[in-house]
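Please keep the structure in view while reading.

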Amino acid sequence: MASRIFILAFFLLAAITAPAQLYDIDRLKKELQVAKNDTLSLILSGSISRIYKEINPDSTYLYADIMLTMAIKLKLPLEESVALGELGYALLNQGNYPRSLQALLRAIAIAE
């Protein structure tokens, strides 16, 4: 009986928080569109990429690529490594294993 109550509570909590996550994604996308600061664009695109990580690998790839471009432009090697890690994970989820490995190895090389 207690396990059924726990399972029911878990699914109710998940149902309540799901729309809030979608709202956060939409809010972050709007902020990214109006961002005038490159550093803010880097942070927002990284946040959106992480949110989409398990939901939509194509969107993860898109926003991680934006993050990578900003990190290279701003000459931030650690952020570049993080962006490459996100790209590698997105490519892995898309089934593109060779490019995923390339991105992840490049991220490790930069991080070292």
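Is Asp-38 buried, partly exposed or exposed? With a relative accessible area of 25%, Asp-38 is partly exposed; buried means under 20%, exposed over 50%, and partly exposed in between, with a 1.4 Å probe and protein chains only. The model is predicted, so local features need pLDDT of at least 70 and side-chain atom pairs count only at pLDDT 80 or more, while totals for chains, interfaces and linings use all residues. Residues are numbered from 1 along each chain as its sequence is written, and side-chain values use heavy atoms, with hydrogens and water left out.

**Salt bridges**

Side chains of opposite charge can pair when their charged atoms come close. A salt bridge is defined here as a side-chain nitrogen of Lys or Arg within 4 Å of a carboxyl oxygen of Asp or Glu. By this rule there are five salt bridges, including those in the table.

| Pair | N to O distance |
|---|---|
| Arg-27 and Asp-24 | 3.7 Å |
| Lys-73 and Asp-38 | 2.9 Å |
| Lys-53 and Glu-86 | 3.4 Å |

In the pair of Lys-73 and Asp-38, Lys-73 belongs to helix H3 (residues 57–74) and Asp-38 to helix H2 (residues 38–52), so the bridge ties together parts 35 residues apart in sequence. Helices are DSSP runs (H or I, at least four residues), numbered from the N terminus. Lys-73 is exposed, at 53% relative accessible area.

Lys-53 bridges to Glu-86; Lys-53 sits in the loop between H2 and H3 and Glu-86 in helix H4, so this pair ties together parts 33 residues apart in sequence. Lys-53 is partly exposed at 26%, whereas Glu-86 is buried at 5%.

Arg-27 and Asp-24 are three residues apart in helix H1 (residues 2–34), about one helical turn. Together with Glu-31, they are linked in a network of salt bridges.

**Helix H5**

H5 covers residues 97–111 and includes Leu-105. Its buried residues are Ser-100, Ala-103 and Ala-107. Seen down the axis of H5, they fall within an arc of 70° and so line one face of the helix; the arc is that of the directions from the helix axis to the C-beta atoms. These buried residues pack against helix H4 (77–94), where contact means heavy atoms within 4.5 Å. The face turned away from the buried side carries the exposed residues Tyr-97, Pro-98, Gln-102 and Ala-109.

In the segment after H5 lies Glu-112, which counts as exposed at 80% relative accessibility. Between Glu-112 and Leu-78 the C-alpha to C-alpha distance is 9.5 Å, although they are 34 residues apart in sequence.

Conventions:
Helices (H or I, at least four residues) and strands (E, at least two) are DSSP runs, numbered from the N terminus.
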